[in-house]
Amino acid sequence: MANPQVQQLFQMLAASPLSSPTQTLEQMRTNLDAMAHMFPPHPGVNTSPAETGGVRAEWIRPEVADRDRTILFLHGGGYMVGSIDSHRDLATRIAKAANMPALTIDYRLAPEHPAPAALDDALHAFRWLVNAGHAPASIAIVGDSAGGGLALATALALRDAGESMPGALACLSPWVDLACDTPSLVNSTDPLMQPGPVGLMAMAYLAGQDPRTPSISPLFADLTGLPRTLIQVGGAEGLRDDGERLAGRAREAGVDVTLEVWDDMFHAWQMFAVMLDDGQRAIERVGAFLRE
């Protein structure tokens, strides 16, 4: 690992409360949300609550943006942590790079609300956008980690319900296999993606369901008919196998899929764009993909 920025972040994350195995769930949620204070505000961007009729949501609107297209952003956090607040900087950077407004949501979290609660909330948000006048094909669903898996699950659920799907998907370090037995995860040295905590998060979200249920682990779904999809994974991250296997399955199903493997990068490195050059470069790639 020659990248000095990555080395510094590895050390910071290893010493962070986010990596402590003794945290309570409430502490985990609080500490992740507190990350929002690390990031300076973005000039030229307006944020405001959105009344979706059931799911807490927030609009992120760059002052100069293409109003004919929209991002639905789904945050990561293993279906147990994460929020609009913790991921506001990432969602804002993606909205600016894509030159599009973004709707971010606080879907319900496990263990209080196991599967399919998160999926139900994501579907509610997508349908709310459509009912508000946004054409389905003009909506891109973007998510990191669990949010990346949820983006796929949302598109597949719409397909299976006979509804129009989004125009594109962008999945950043997507978690798509909750069996948690891939070599890259089992042998992970990624400070944000260790097999023990990840396995506990999977158990909380599954609540006894089969980890290979397609609506929970989209890797095991029939991927036929998905819209064009971008997958970004880090070369040194615990979910590298998830992303690479997903890209292979998608290609076999005839999906227009782009896989980017970023050397030396750890899980969800895009979240640290404020201090990691490759984080911002990856976000710019997402923006370019969504503008195409």
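**Exercise 1. Identify the largest nonpolar core and the residues with the most contacts inside it.**

Step 1. A nonpolar core is a set of buried Ala, Val, Leu, Ile, Met, Phe, Trp, Tyr and Cys residues joined through side-chain atoms within 4.5 Å. Buried means under 20% relative accessible area, exposed over 50%, and partly exposed in between, with a 1.4 Å probe and protein chains only.

Step 2. In this predicted model, local features need pLDDT of at least 70 and side-chain atom pairs count only at pLDDT 80 or more, while totals for chains, interfaces and linings use all residues. Residues are numbered from 1 along each chain as its sequence is written, and side-chain values use heavy atoms, with hydrogens and water left out.

Step 3. The largest nonpolar core has 99 residues, and Leu72, Ile94, Trp175 and Leu290 have the most contacts inside it. Helix 5 (residues 146-160) contributes the largest share of this core, 9 residues. Helices (H or I, at least four residues) and strands (E, at least two) are DSSP runs, numbered from the N terminus.

Step 4. Contact means heavy atoms within 4.5 Å. Beyond its neighbours within four places in sequence, leucine 72 is in contact with residues including Leu103, Ala122, Phe126, Leu129 and Ile141.

**Exercise 2. Describe helix 4 (residues 117-131): its span, its buried residues and what covers them.**

Step 1. The expected span is 1.5 Å times one less than the number of residues. Helix 4 has 15 residues and reaches 21 Å from its first C-alpha to its last, close to the expected 21 Å.

Step 2. The buried residues of helix 4 are Ala117, Ala118, Leu119, Asp121, Ala122, Leu123, Ala125, Phe126 and Leu129.

Step 3. Their cover includes strand 2 (56-62), strand 3 (70-74), strand 4 (102-105), strand 5 (139-144), helix 5 and helix 7 (195-206).

Step 4. After helix 4 comes glycine 133, with a positive phi near 110°.

**Exercise 3. Is serine 173 buried or exposed, and what is it in contact with?**

Step 1. Serine 173 lies in the loop between strand 6 (168-172) and helix 6 (183-186).

Step 2. Serine 173 is buried, because its relative accessible area is 0%.

Step 3. Leaving aside neighbours within four places in sequence, the contacts of serine 173 include Ser145, Gln232, Glu237, His267 and Trp269.

**Exercise 4. Characterise the largest cavity by volume and lining.**

Step 1. On a 1 Å grid over the protein atoms alone, a cavity is a set of points where a 1.4 Å probe fits but cannot get out; lining residues have an atom within 4 Å of a point. Grid points are joined across faces, edges and corners, and a volume is the space filled by probe spheres set on the points.

Step 2. The structure holds 1 cavity of 30 Å³ or more, and the largest cavity has a volume of about 30 Å³.

Step 3. The lining of the largest cavity consists of Leu152, Leu223, Leu226, Thr229, Ile231, Leu246, Ala250, Val255 and Val257. Strand 7 (228-234) and helix 8 (240-252) are the elements that give two or more residues to this lining.

How values were computed: On a 1 Å grid over the protein atoms alone, a cavity is a set of points where a 1.4 Å probe fits but cannot get out, and a pocket is an open set with protein on both sides within 12 Å along at least five of seven lines; lining residues have an atom within 4 Å of a point.
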